[in-house]
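This briefing goes through a structure topic by topic. Please have the sequence and the coordinates open while reading.

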Amino acid sequence: MHQMRCSCGEIEMEIQESPALRSVCFCTDCMGTLDTLESIGVDALRTEDRGHMTSLVYSDSIRVTRGSDKLAAFYQRKPASLRMYSTCCQVHLGAYASGLKVAMLSSALFDDGDHSDCFKVNAGS
């Protein structure tokens, strides 16, 4: 089991299974979302090279154990997903793709801190 917390600790989640995949994404959708979040004052938790480190988990393995009243989200039409962030410390939590029943959570907020298995996707040349 893994723990995930927002930056200030007001939101806590348990993830029952290990991430199926960890990656640093540079796709247009992720970059556009991060730009939007940053424009409203949310910390997008970008990597040093401005990407977004995500952990792909099955959504039914996620349980919010604290602070559900501090979760906020906006809907992105293409690709259809719910982009989540915290209202307490204004940090990007991840995205939920309902059709696929998976969530891409911000790896930087996981308690394990081991990101050695990450690889870059959509990084260009």
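Thr 54 touches Leu 21, Arg 22, Ser 23, Met 104, Leu 105 and Ser 107, leaving out residues up to four places away in sequence; contact means heavy atoms within 4.5 Å. This is a predicted model, in which local features need pLDDT of at least 70 and side-chain atom pairs count only at pLDDT 80 or more, while totals for chains, interfaces and linings use all residues. Residues are numbered from 1 along each chain as its sequence is written, and side-chain values use heavy atoms, with hydrogens and water left out.

**Thr 54 and its setting**

- Thr 54 belongs to strand S4 (residues 52–58); helices (H or I, at least four residues) and strands (E, at least two) are DSSP runs, numbered from the N terminus.
- The relative accessible area of Thr 54 is 6%, so Thr 54 is buried.
- Buried means under 20% relative accessible area, exposed over 50%, and partly exposed in between (1.4 Å probe, protein chains only).

**Strand S7 and its partners**

- Strand S7 (residues 81–86) is largely enclosed by the rest of the structure, because five of its six residues are buried.
- Strand S6 (residues 71–76) pairs with S7 in the antiparallel sense over six bridges; two strands pair if DSSP finds at least two bridges between them.
- Within that pairing, Ala 73 has Met 84 in S7 as its bridge partner.
- S7 is also joined to strand S8 (residues 92–97), by four bridges and in antiparallel fashion.
- Leu 82 has Tyr 96 in S8 as its bridge partner.
- S7 and S8 make a hairpin with five residues between them.
- Gln 90 lies in the loop between S7 and S8, and its phi is near 55°, a positive value in a residue other than glycine.
- With a relative accessibility of 26%, Gln 90 counts as partly exposed.

**The open sheet S1-S2-S5**

- Three strands make up an open sheet in the order S1-S2-S5, with antiparallel pairing.
- Strand S1 (2–5) and strand S5 (62–66) are at the edges with a single partner strand each, so one side of each has no neighbour in the sheet.
- From one strand to the next the twist averages 30°; axes are lines fitted to C-alpha atoms, for helices over the stretch in contact, and angles run from 0 to 180 degrees between N-to-C directions.
- S1 and strand S2 (residues 12–15) run antiparallel and are joined by four bridges.
- Gln 3 is placed opposite Glu 14 in S2.
- In a regular strand, side chains alternate between the two faces of the sheet.

**The loop between H1 and S4**

- Arg 46 is located in the loop between helix H1 (28–39) and S4.
- Arg 46 counts as buried, at 17% relative accessibility.
- Its side chain reaches the backbone oxygen of Arg 50 at 3.2 Å.
- A polar contact is a pair of N or O atoms within 3.5 Å; within protein, one must be able to donate a hydrogen and the other to accept it, and residues adjacent in sequence count only if both atoms are side-chain atoms.
- Apart from neighbours within four places in sequence, Arg 46 is in contact with Met 31, Leu 34, Asp 35, Glu 38 and Gly 51.
- Arg 50 is in the loop between H1 and S4 and has a phi near 75°, a positive value in a residue other than glycine.
- Arg 50 is partly exposed, with a relative accessible area of 46%.

**Cysteines**

- The count of disulfides (pairs of cysteine sulfur atoms within 2.5 Å) comes to zero.
- Cys 30 is in no disulfide, and its nearest cysteine sulfur, that of Cys 27, is 3.7 Å away.
- Cys 30 is buried, at 7% relative accessible area.
- The closest cysteine sulfur to that of Cys 89 is in Cys 6, at 3.7 Å, which is too far for a bond.
- Cys 89 is partly exposed, with 23% relative accessible area.

**Nonpolar cores**

- A nonpolar core is a set of buried Ala, Val, Leu, Ile, Met, Phe, Trp, Tyr and Cys residues joined through side-chain atoms within 4.5 Å.
- The largest nonpolar core has 14 residues, of which Met 4, Met 13, Ile 15, Val 91, Leu 93, Leu 105 and Leu 109 touch the most other members.
- S2 and strand S9 (102–106) are the elements that give two or more residues to this core.
- A second, separate core has six residues, including Cys 25, Cys 27, Leu 34 and Ala 44.
- In soluble globular proteins, nonpolar side chains tend to be buried together.
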